[in-house]
Amino acid sequence: MIYFDILLVAIACVTMPFIVAVMLDIFYAERKKIRFSLRRTSLWYMAMFALSFIPSVLLITQNV
């Protein structure tokens, strides 16, 4: 059951960080006057995913 909950949280945490990462990179590129970069967006995405997924997993495993 706990692994199923973690899987559901992982699926839920995939799309929102992607949207936030794209928006962050667009604003960052506009402010620095540089071009949009998929490499930089992927780094933003990893950071946003970690910020949303790790606390969620910690909360799920703490309440077991």
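K33 is exposed, with a relative accessible area of 74%, where exposed means over 50%, buried under 20% and partly exposed in between (1.4 Å probe, protein chains only). This residue is found in the loop between α1 and α2; helices (H or I, at least four residues) and strands (E, at least two) are DSSP runs, numbered from the N terminus. Although K33 is not a glycine, its phi is positive, at about 60°. Most residues other than glycine have a negative phi.

The model is predicted: local features need pLDDT of at least 70, side-chain atom pairs count only at pLDDT 80 or more, and totals for chains, interfaces and linings use all residues. Residues are numbered from 1 along each chain as its sequence is written, and side-chain values use heavy atoms, with hydrogens and water left out.

The secondary structure of the chain consists of two helices and zero strands. The radius of gyration, taken over C-alpha atoms, is 15 Å, well over the 11 Å that the globule rule (2.2 Å times the number of residues to the power 0.38) gives for 64 residues, so the chain is more spread out than a compact globule. Along the principal axes, the C-alpha atoms fill a box of roughly 50 × 15 × 15 Å. Of the 64 residues, 23% count as buried. The chain exposes about 5200 Å², of which carbon and sulfur atoms supply 74%; accessible areas come from the Shrake-Rupley method with a 1.4 Å probe, and for residues only the protein chains shown count as cover. Among contacts (heavy atoms within 4.5 Å) with a separation of 6 or more, 61% are between residues 24 or more positions apart.

The largest nonpolar core has seven residues, namely I6, V9, A10, C13, F53, V57 and I60. Such a core is a set of buried Ala, Val, Leu, Ile, Met, Phe, Trp, Tyr and Cys residues joined through side-chain atoms within 4.5 Å. Two or more residues of this core come from each of α1 (2-32) and α2 (38-62), and the largest share, four residues, is from α1. Apart from its neighbours within four places in sequence, A10 is in contact with F49 and F53.

The structure holds one salt bridge, defined as a side-chain nitrogen of Lys or Arg within 4 Å of a carboxyl oxygen of Asp or Glu. Side chains of opposite charge can pair when their charged atoms come close. Here the partners are D25 and R40, with their closest N and O atoms 2.4 Å apart. D25 lies in helix α1 and R40 in helix α2, so the pair ties together parts that are 15 residues apart in sequence. D25 counts as buried because its relative accessibility is 0%.

The side chain of D25 also joins that of T41 through a polar contact of 3.2 Å. A polar contact is a pair of N or O atoms within 3.5 Å; within protein, one must be able to donate a hydrogen and the other to accept it, and residues adjacent in sequence count only if both atoms are side-chain atoms. T41 is placed in helix α2 and, at 4% relative accessibility, counts as buried. Leaving aside its neighbours within four places in sequence, T41 is in contact with A21, V22, D25 and F36.

V20, in helix α1, counts as partly exposed at 30% relative accessibility. Between V20 and L59 there are 39 residues of separation in sequence and 22 Å in space, C-alpha to C-alpha.
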